[in-house]
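Hi everyone, thanks for coming. Let me put today's structure up on the screen, and then we'll walk through it together.

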Amino acid sequence: MNLFKLSGILSLVFGTLSCLILIKPYLLMFALLSAIIGFIFSTLNIYMNAKYEITKKAFSVGYVGMMLSSFPVIFLLVIIIRNS
């Protein structure tokens, strides 16, 4: 398995994991840690797709991983705004 496919799969895994951990809000720090790792792999996937034009379609798996990884950050922002 090459690095492009591996980074796409790992970005989906860590993005989904961060959303699942977010079900229990007191585990927010672990969700953010998983989201950061998901962001790294999704950025790597999107970069390699743009640089080498691996997929001819405009949609990459890295975009889904980045969207899933952004949910804990948005959740944290909502908590901060509500408490202020």
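**Inside helix α2**

Let's start with helix α2, where the buried residues are Leu 28, Ala 31, Leu 32, Ser 34, Ala 35, Gly 38, Ser 42, Asn 45, Ile 46, Met 48 and Asn 49. Buried here means under 20% relative accessible area, exposed means over 50%, and partly exposed is in between, with a 1.4 Å probe and protein chains only as cover. And a helix is a DSSP run of H or I with at least four residues, a strand is a run of E with at least two, and both are numbered from the N terminus.

Before going on, two words about what you're looking at. This is a predicted model, where local features need pLDDT of at least 70 and side-chain atom pairs count only at pLDDT 80 or more, while totals for chains, interfaces and linings use all residues. Residues are numbered from 1 along each chain as its sequence is written, and side-chain values use heavy atoms, with hydrogens and water left out.

Okay, back to α2. What covers its buried residues? The cover includes α1 and α3, which is residues 61-83. Helix α2 itself runs over residues 28-52, 25 residues in total, and spans 36 Å from first C-alpha to last, close to the 36 Å expected at 1.5 Å a residue. That expected span is 1.5 Å times one less than the number of residues.

Of its 84 residues, 31% are buried. The C-alpha atoms fill a box of roughly 45 × 20 × 15 Å along the principal axes.

Now for a residue in α1, Ser 7. Is Ser 7 buried or exposed? Ser 7 counts as buried, because its relative accessibility is 1%. Leaving aside neighbours within four places in sequence, Ser 7 is in contact (heavy atoms within 4.5 Å) with Phe 41, Leu 44, Asn 45 and Met 48. You've already met Asn 45 and Met 48 among the buried residues of α2. Ser 7 and Gly 65 are 58 residues apart along the chain, yet 9.7 Å separates their C-alpha atoms.

Gly 65 takes us to α3, where the buried residues are Gly 62, Gly 65, Leu 68, Ser 69, Ser 70 and Pro 72. Their cover includes α1 and α2. Where does α3 bend? At Phe 71, by about 30°, and Pro 72 follows within four residues. The bend is the angle between axes fitted to the seven residues ending there and the seven starting there.

Also in α3 is Val 64, which counts as partly exposed because its relative accessibility is 25%. Not counting residues up to four places away in sequence, Val 64 touches Leu 12 and Phe 59. Between Val 64 and Ser 34 there are 15 Å, C-alpha to C-alpha, and the two are 30 residues apart in sequence.

Last stop, Val 13, back in α1, residues 3-21. Val 13 is partly exposed because its relative accessibility is 44%. So that's our tour, and I'm happy to take questions.
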